[in-house]
Amino acid sequence: MSGLAKNPSLAVGGAIVAILIVAALFGPEIAHRDPLAIDLASALAAPSLAHPFGCDALGRDVFARVMWGARLSLGVSTSVVFLSLIVGGLIGGASALAGGRVDNLVMRAVDIVLAFPGILLAIAMAAILGPGLIDLVIALTAMGWTGFARLVRGEVLSLREREYVHAANALGARPSRVLIRHLLPAVAGPVAVQATFGIGGIIGAEAALSFLGLGALPPTPSWGNMLDAGREFLLIAPHLTTAPGVAIGVAILGFNLLGDGLAALAGRSG
Amino acid sequence: MIRYLIRRMLALIPVALGVATLTFALIHLVPGDPVVAMLGDTAAPADLAGMRHQLGLDRPLAVQYATFIAGLAHGDLGESISYRQPVARLIAERFPATLELAGAGLLVAVLIAFPLGFIAGANPGSAGDVGAMGFAILGISVPHIYLGPLLMILFSLDLRWFPLTGRGGLAHLVLPAVTLGTALAAIIARMLRQSLIAVRASDYMRTALSKGLSPTAALLRHGLRNALTSVVTLLGLQLGGLLTGALIVEMIFSWPGLGRMLIAAISARDYPLVEGCVLTFALSYVVVNMTTDFVYAMVDPRVSLK
């Protein structure tokens, strides 16, 4: 396998993302401590064997909280990207297939939403909906779907004119068959690349919203609200900001590298 | 040129109207009653009705929308509930601080990105390239909300070079600006490197080299200008992000700008102020993007102004 050596982004990014997934799935069991258990005796304790990432102001184990935070962060970001993909893909695909006036109207609407800065849209939505995980997912999806709508529309518009699609149409294939057998597989590649970058972006946006107090609310551990809580103790307990900060950075780095790698892979094969 | 400028400004109107409509829809159509949110679940129905009347929320939606747009047309954004002052005045007071921060962030981004991108692009594969691009990938990945506290620990608490928070002289501006500009610097440096590498293979570069220019001089004199067009495009796409990034950086450094006022307004349930801040952010984003198109056309003469 010389492929991985030629594409280090894919290898490193893939490895980081794999570790993140393991952390999200099994981390809470590996940490085997209650992320909410308060132990004032070890408040602000520095990292030690018993508490590898130390303890926060209430003596809660930071390692356990980072692991639960990984579950929340990955859970929220994959749900948001999945929902954005469905909503954006359906709207973009339908718009392209409908064509003409409908397409024009839909794309103007998408342009207006795109003219609105994404994180601001999410902040405004979260402000109105109130904090909470479901509301957080809705607010972030409101920001995420437009990119997919544009991408899928563009892909479908160009694929529709390919010869093999014309051939399928000429052979009398039903539109649904053309869509499922011929268009979807061809769209999958670019969509996978954008979805990978999208997860990284949403991890950052989720952390920012939770940091601002508009996402996951304490005591639920999320990387963003851990960072916010740790800021008070910058000088005496820097590990409180370092642990979630590095987690966010590594997670975003992992998905960015994986996206770069997938894009290079798609570029070579297609 | 002037005709082009006027056309672009006219094109701004429908987009601005759309953005205003979306802002209105966000505040008024998203489920959740702002009045209940403001006064709490246990408020007496009479109080709720009174507040609703005061805010004009008891009128039909179409009337509220018309009032909102009409007010907007002459700069009236209503009155803030928590400050008891016109929203437009509050925004006019805070917005310069946000612009100052965003401008400084842009300056930092450019100052870091150009040397890095040039070193990397001039000698791809060299140690300088690997180092610069390593920095770039780190810069893209480190979120503001971590970089900010990190810089605070290092340069404010440990080294005591810069003040921790607040707005004042130049010293106050450095850490927030670096926090805001680093990610953008990384993105621009990567783009500049790519364009320079592409430019190096072109015929005019070979001509410049064959007439005896040193590789660095040729790249500086002929390559950089041609690489600039793609950098300016990217810069424009990212400038809006600088504004929203400022929103978060303001929270980290207690910077008294529009973003901090927006977040405070959200927790105070001051909906007229939330609406005004969101609208101002969104409209500046639109204006910045339009301006970029224009600058792009000036940098690259091949782009027709028609």
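Visitor: Why is helix α9 (residues 203-210) of chain B said to lie largely in the open?
Guide: Buried means 20 or more other C-beta atoms within 10 Å of a residue's own, exposed means 12 or fewer, and partly exposed is in between, with C-beta atoms placed from the backbone. Of the 8 residues of α9(B), the number that make it to buried is 0, so the helix lies largely in the open. Just after α9(B), B:G212 has a positive phi of about 105 degrees.

A quick word on the model and its labels. This is a predicted model, where local features need pLDDT of at least 70 and side-chain atom pairs count only at pLDDT 80 or more, while totals for chains, interfaces and linings use all residues. Residues are numbered from 1 along each chain as its sequence is written, and chains are lettered from A and ligands numbered from 1 in the order in which they are written.

Visitor: What makes α5(A) count as largely enclosed?
Guide: Of its 12 residues, 11 are buried, so the rest of the structure largely encloses it. Among them are A:G118, A:L121, A:M125 and A:I128.

Visitor: How do you know that the length of α5(A) agrees with its number of residues?
Guide: The expected span is 1.5 Å times one less than the number of residues. For the 12 residues of α5(A) that should give 16 Å, and the end C-alpha atoms sit 16 Å apart, so the two agree. Just past this helix, A:G130 takes a positive phi of about 90 degrees.

Visitor: What helices and strands does chain A have?
Guide: Helices (H or I, at least four residues) and strands (E, at least two) are DSSP runs, numbered from the N terminus. By that count, chain A has 10 helices and 0 strands. As for burial, 49% of its 270 residues are buried.

Visitor: Why is B:R84 called exposed?
Guide: B:R84 has 7 C-beta neighbours inside 10 Å, so it counts as exposed. You'll find B:R84 in the loop between α4 (61-73) and α5 of chain B, with phi near 55 degrees, a positive value in a residue other than glycine.

Visitor: And what makes B:R160 exposed?
Guide: B:R160 has 9 other C-beta atoms within 10 Å, so exposed it is. Its loop runs between α7 (144-158) and α8 (170-200) of chain B. Phi of B:R160 is near 55 degrees, again positive in a residue other than glycine.

Visitor: Why is A:R231 called partly exposed?
Guide: A:R231 has 16 C-beta neighbours inside 10 Å, so it falls in the middle class. A:R231 is in the loop between α9 and α10 of chain A. Leaving out residues up to four places away in sequence, A:R231 touches A:T241 and B:P149.

Visitor: How many residues of chain A and of chain B are in contact?
Guide: Contact means C-beta atoms, placed from the backbone, within 7 Å. That gives 31 residues of chain A against 33 of chain B. α4 (100-115), α5 (118-129), α8 (175-211), α9 (223-230) and α10 (239-269) of chain A each supply at least two residues of the side facing chain B. By class, chain A's side has 23 nonpolar, 7 polar and 1 charged residues. Ala, Val, Leu, Ile, Met, Phe, Trp, Tyr, Cys and Pro count as nonpolar, Asp, Glu, Lys and Arg as charged, and the others, Gly among them, as polar.

Notes: Contact = placed C-beta atoms within 7 Å.
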